[in-house]
Amino acid sequence: MLKKLTGGREKLVDYQIQRERMVREQLIARGIKDERVLEAMGKVPRHLFVEEVFAPRAYADHPLPIGEKQTISQPYIVAYMLEALEVSKKSRVLEIGTGSGYQTALLAQLCQKVYSIERIRPLAQKAQRLLEQLGYHNFQIMVGDGSRGWPEKAPFDGIIISASVPSLPLILLEQLDEGGRMVAPVGGEKSQTLRVVYKKSGQLIEEERLHCSFVKLIGEYGWSE
Ligand code: SAH
């Protein structure tokens with residue numbers, strides 16, 4: 001199956017080399033230290049998640065189209081967010097904005113279970129198929145408005161929003177467990193800052209990190225269409 005998906009052994013090796021270079025030059029060189037994140041980024045075949053014509057550029061240092069006018073973030077931003085989420089093998093995580101399923105695959109490598117919500121059905125279906133083909137089983141994708149979270153599955157050890165929000169939806173913070181962390185790009189339509197929020201002794205602590213630029217989270221507690 002993998003062979004069919006990737007177009008043969010030569011390309012497979014080539015993509016693996018590109019992936020290793022990406023980990024060295026874009027992640028380690030810029031300060032990503034979490035060994036588990038680096039290992040997962042070195043394993044997950046990013047070229048299968050982008051639109052096919054962009055596969056040869058999948059490991060380059062920029063975002064890429066995934067269809068339906070949506071984009072997959074640059075590898076460094078994905079790694080940064082995963083590191084900031086501080087998940088363990090035991091974590092149950094909520095991802096909002098499945099998109100291509102690339103980050104879902106990374107989370108599936110890092111956590112016990114990933115719950116992921118995507119608003120555009122064709123993207124959710126494509127991600128579901130690809131993740132299954134790649135042998136992931138510890139994930140569940142739902143089509144719907146992720147800005148409301150997934151209360152039936154709460155509380156989560158981590159919540160990661162991969163689309164921008166004008167402000168942090170309270171309803172999501174309520175679904176975060178004590179000790180849990182949420183990572184989200186918060187700000188305007190064009191640019192945002194990545195925020196890391198966690199609960200400590202019942203109190204919410206919020207840190208502002210990098211500047212970034214994400215597509216919009218469209219929904220009840222996000223942007224209107
Ligand atoms: N992390 C993804 C990329 C996400 S792009 C990847 O690895 O490919 C952001 C995604 O959020 C888009 O697919 C978009 O359709 C989705 N989205 C936007 N608003 C949403 C909402 N309210 N609920 C769920 N998904 C949403």
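**Exercise 1. Work out why helix 5 counts as largely enclosed by the rest of the structure.**

Step 1: Find the helix. Helix 5 covers residues 102-110; helices here are DSSP runs of H or I with at least four residues, strands are E runs of at least two, and both are numbered from the N terminus.

Step 2: Check burial, meaning under 20% relative accessible area with a 1.4 Å probe and protein chains only. The buried set is Tyr102, Gln103, Thr104, Ala105, Leu106, Leu107, Ala108 and Leu110.

Step 3: Conclude. That's 8 of the 9 residues, so helix 5 is largely enclosed.

A word on the model: it's predicted, so local features need pLDDT of at least 70 and side-chain atom pairs 80 or more, while totals for chains, interfaces and linings use all residues. Numbering runs from 1 along each chain as its sequence is written, and side-chain values use heavy atoms, leaving out hydrogens and water.

**Exercise 2. Find which residues make polar contacts with the ligand (N or O pairs within 3.5 Å).**

Step 1: Start with the ligand's nitrogen atoms. One is 2.7 Å from a polar backbone atom of Ile218, and a nitrogen is 2.8 Å from a side-chain N or O atom of Asp145.

Step 2: Move to oxygen. A ligand oxygen is 3.1 Å from a polar backbone atom of Gln103, a buried residue of helix 5.

**Exercise 3. Describe the shell around the ligand, with a heavy atom within 4 Å as the cut-off.**

Step 1: Pick the nearest. Of 26 residues, these are Ser100, Glu118, Asp145, Gly146 and Ile218.

Step 2: Trace the elements. Strand 2 gives the largest share, 3 residues.

Methods:
Buried < 20%, exposed > 50% of the residue type's maximum accessible area, 1.4 Å probe, protein only. Near = heavy atom within 4 Å. Polar contact = N/O pair within 3.5 Å; in protein donor to acceptor, adjacent residues only side chain to side chain.
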